[in-house]
Amino acid sequence: MNDIKMAPFSNESESSIIGSIFREPDRIHEAMSLIDPEDLFSRDMRIIYSAMIKLKRKDQPIDLITLADELKNQNKFDDVGGVYKLSTLEDYTPTATAIAFHCRKVRALAIKRKFIDKMEGIVNTAFEVNDDASTLLDEAHSSVFQLMGEVDSNSKTVDVYSPEDMAVRGYKN
């Protein structure tokens, strides 16, 4: 009997991140320093989070109305569930205090999904008949080493604005 396993993710944590940003829009800086949109498993959450980042970078407020407008401009409003989904996410989180915890959890799960993906390819290669195991082991080592770098970079503070964003805003060193 084959057990089909689902990729690890936390819909609750992803929803909590979006809800926290709705509750306290300035928390998006904290989220942006810890996760990228690609770290979110849910396609809808990636789209919504990316739109929130875009609004922040344009110095627009992050609320239900501006986010809905942004998603409509991208022709993605209905794809993510429309006003019902956005209002549900807006009310999902009673407080934004745990946003960093949920971001770290989402990031860890994203790294696990990357690990599974990379190791799946390596395991498939291991079933090939050839005499050289060192190449396979080097590939596995390299993949794990690369993912360890992502784990280490997760604990550091990351600039949430690109140099171009900072130039537009007039920030100086």
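Which residues touch the most other members in the largest nonpolar core?

**Whole chain**

The model is predicted. Colour it by pLDDT: the chain averages 89, and 87% of the residues score at least 70. Confidence is highest in H4, at 98, and lowest in helix H8 (residues 163–169), where the mean is 62. Of the 173 residues, 38% count as buried. The chain exposes about 10,900 Å², with carbon and sulfur atoms supplying 54% of that area. Among contacts between residues at least 6 apart in sequence, 72% join residues at least 24 apart.

**The core**

Now select Ile21, Ile48, Tyr49, Met52, Leu67 and Leu71. Of the 30 residues in the largest nonpolar core, these touch the most other members. Helix H1 (11–23), helix H2 (28–34), H3, H4, H5 and H6 each supply at least two residues of this core. H3 gives the largest share, 8 residues. In soluble globular proteins, nonpolar side chains tend to be buried together.

Centre on leucine 67 and show its contacts. Leaving aside residues up to four places away in sequence, leucine 67 touches Phe22, Ile48, Ala51, Met52, Leu55 and Leu86.

**Salt bridges**

How many salt bridges does the structure hold? The total is 10. Start with arginine 27, which has a partner in glutamate 24, with the closest N and O atoms 3.2 Å apart. Glutamate 30 also forms a salt bridge with arginine 27, and here the closest N and O atoms are 3.1 Å apart.

Next, select arginine 43 and aspartate 79. Their closest N and O atoms are 4.0 Å apart, and the two form a salt bridge. The pair links distant parts of the chain, 36 residues apart: arginine 43 lies in helix H3 (residues 43–57), and aspartate 79 in the loop between helix H4 (64–73) and helix H5 (82–92). Are these two residues buried, partly exposed or exposed? Arginine 43 has 43% relative accessibility and counts as partly exposed. Aspartate 79 is likewise partly exposed, at 43%. Both assignments follow because partly exposed covers the range between under 20% (buried) and over 50% (exposed).

For a network of salt bridges, select Asp39, Arg107, Lys114 and Glu150, which are linked in one.

Helix H6 (99–126) and helix H7 (133–154) each supply at least two residues of the patch. Which helix gives the largest share? H7 does, with 3 residues.

End on valine 151, found in helix H7. Its relative accessible area is 38%, and valine 151 is partly exposed.

Terms used:
Residues numbered from 1 in each chain as written. Predicted model: local features only at pLDDT ≥ 70, side-chain atom pairs only at ≥ 80, totals over all residues. Heavy atoms only, no water. Salt bridge = Lys/Arg side-chain N within 4 Å of Asp/Glu carboxyl O. Helix = DSSP H or I, 4+ residues; strand = E, 2+ residues; numbered from the N terminus. Buried < 20%, exposed > 50% of the residue type's maximum accessible area, 1.4 Å probe, protein only. pLDDT = per-residue confidence, 0-100. Contact = heavy atoms within 4.5 Å. Areas by Shrake-Rupley, 256 points an atom, 1.4 Å probe, with all protein chains shown as cover. Core = buried A, V, L, I, M, F, W, Y, C linked by side-chain atoms within 4.5 Å.
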